[in-house]
Amino acid sequence: MHEAYDWIMGWDIGGVNTKACRVPQTGEEDKATSLSKGFEIWRNPEKLPELLGEMARELGPVRAMAVTMTAELSDAFQTKSQGVGFILEALARAFGETEIWVLGTHGRFVELSKALLSPLDFAANNWVASCLYEAKKNPDCFVLDMGSTTTDIIPIRQGRLLNKGTDDTSRLAQGELVYTGALRSNPNTLVRQVPFDGRMVRVADELFCLMADVHLLAGKLEPEEYTCPTADGRGRSPEECHARLARLVCADRDIMSFDQALNLARYLYEKQLETISRAWHLVASRLKKPFDLPWCVAGQGSFVLRDLASRLEVPLATPLEQEVKALPARDVALLLAEAIKKEGLR
């Protein structure tokens, strides 16, 4: 019991990955332990409580939990409110009497039972945790977090979040949320045409390949980092990535050579960089001297963000060895630990 009282667990429950992080209540980052499990919630939503319980047992006992999520947007749910309610009720079923606090997009913790009364205040809230915590360490920066599917771009000045949007739709409009990620994104969302055999060829409007295929073939991603299901259910070797990319222009490995597939992968990588760069420049256009703000980068696509920072000649605020892939889960736990200490939440 004493051991549990000394620890806090943070959750980041997404539509395809669920992440947890256990941190000391004293807030020591270097003692944090994290865990990520692939879980496509639309396939078996009823198994979410079981998954949460397994992950918590693997990490160890805690006195309280803090929650962020993005899974409410899954088409497993008719509305986001329904999705938030389902996720919170799954947590309640999994953990019984454990204290559970939910971080709102307004930046405050609310008890789970009260969060159920206004679910939209807690939808797509994981970026809030990352930015609020990073603002304490880097009061003047950009937080860029690229996951498997999306990228967040949030400016911070003098410790204040300068986001214009708070929900997904307004954040998309402001450039603060970009629907492109390191693994699951379909390359045909980045381009309408690609170069092949000396011509620009229209791409197929099918799910033939993923950005994970692009990054692996381009040498940016290791096979063990390709953690999402492949588009065709086959393996993750360079040869299999080559075959999937060829189908983007309705070709195959006999028609498109490996070198041509590699050229295609590098072209698509550049287009993804361009997409994120456009969004960052849109956000940056509201600020004075945005190139002076260092970037705090995180997520499965950190390698993409580092590359873009180098090209734009902006500094990185976080040393590379300290990058955290489960940033929202860790940061929401650390924020709750601080709130318990300062505000006496119980």
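H5 passes H11 in a left-handed crossing (left-handed if the near helix is turned anticlockwise from the far one by less than a right angle, right-handed if clockwise). This is a predicted model, in which local features need pLDDT of at least 70, side-chain atom pairs count only at pLDDT 80 or more, and totals for chains, interfaces and linings use all residues. Residues are numbered from 1 along each chain as its sequence is written, and side-chain values use heavy atoms, with hydrogens and water left out. Helices (H or I, at least four residues) and strands (E, at least two) are DSSP runs numbered from the N terminus.

**Packing of H5 with H11**

- Helix H5 (residues 126–137) packs against H11 at an angle of about 65°, and their axes are 8 Å apart; axes are lines fitted to C-alpha atoms, for helices over the stretch in contact, and angles run from 0 to 180 degrees between N-to-C directions.
- On the H5 side, the residues that meet H11 are Asn 126, Ala 129, Ser 130, Leu 132, Tyr 133, Glu 134, Lys 136 and Lys 137 (contact means heavy atoms within 4.5 Å).
- Their partners in H11 are Leu 327, Pro 328, Arg 330, Asp 331, Val 332, Leu 334, Leu 335 and Glu 338.
- The contact of H5 with H11 comprises eight nonpolar, two polar and six charged residues; Ala, Val, Leu, Ile, Met, Phe, Trp, Tyr, Cys and Pro count as nonpolar, Asp, Glu, Lys and Arg as charged, and the others, Gly among them, as polar.

**Packing of H9 with H10**

- The axes of helix H9 (residues 258–284) and helix H10 (residues 302–312) come within 10 Å and cross at roughly 65°.
- That angle makes H9 roughly perpendicular to H10; angles under 35 degrees count as roughly parallel, over 145 as roughly antiparallel, 65 to 115 as roughly perpendicular and the rest as oblique.
- The crossing of H9 and H10 is right-handed.
- H9 contributes Tyr 269, Glu 270, Gln 272, Leu 273, Ile 276, Ser 277, Trp 280 and His 281, which meet Phe 303, Val 304, Leu 305, Asp 307, Leu 308, Arg 311 and Leu 312 in H10.
- By class, nine nonpolar, three polar and three charged residues form the contact of H9 with H10.
- Glu 270, in helix H9, counts as partly exposed at 36% relative accessibility; buried means under 20% relative accessible area, exposed over 50% and partly exposed in between, with a 1.4 Å probe and protein chains only.
- Glu 270 and Val 304 are 34 residues apart along the chain, and their C-alpha atoms are separated by 9.9 Å.

**Helix H3 and its surroundings**

- Helix H3 (residues 80–95) has 16 residues and reaches 23 Å from its first C-alpha to its last, close to the 22 Å expected at 1.5 Å a residue; the expected span is 1.5 Å times one less than the number of residues.
- The buried residues in H3 include Gly 83, Val 84, Gly 85, Ile 87, Leu 88, Ala 90, Leu 91 and Phe 95.
- Among the elements that cover these buried residues are strand E1 (7–13), helix H2 (48–59), strand E4 (64–69), strand E5 (99–103) and helix H4 (112–115).
- H2 and H3 pack at an angle of about 50°, with their axes 8 Å apart, and are therefore oblique to each other.
- H2 passes H3 in a right-handed crossing.
- Leu 48, Pro 49, Leu 52, Gly 53 and Ala 56 of H2 make this contact with Phe 86, Ile 87, Ala 90, Leu 91, Arg 93, Ala 94 and Phe 95 of H3.
- The contact of H2 with H3 divides into 10 nonpolar residues, one polar and one charged.
- Gly 96, which follows H3, has a positive phi near 50°.

**Met 65 in strand E4**

- Met 65 lies in strand E4 and counts as buried at 3% relative accessibility.
- Leaving out residues up to four places away in sequence, Met 65 touches Met 9, Trp 11, Ala 56, Phe 95, Thr 98, Glu 99, Ile 100, Trp 101 and Leu 336.
- The C-alpha atoms of Met 65 and Asp 75 are separated by 26 Å, with the two residues 10 apart along the chain.

**Helix H8**

- In helix H8 (residues 238–246), the buried residues include Cys 241, His 242, Ala 243, Arg 244, Leu 245 and Ala 246.
- Helix H7 (211–217) and H9 are among the elements that cover them.

**Positive phi outside glycine**

- Lys 289, a residue other than glycine, has a positive phi near 50°.
- Lys 289 is found in the loop between H9 and strand E13 (295–298) and is exposed, with a relative accessible area of 63%.
- Glu 313, also a residue other than glycine, has a positive phi near 60°.
- Glu 313 lies in the loop between H10 and helix H11 (327–343) and is exposed, with a relative accessible area of 69%.
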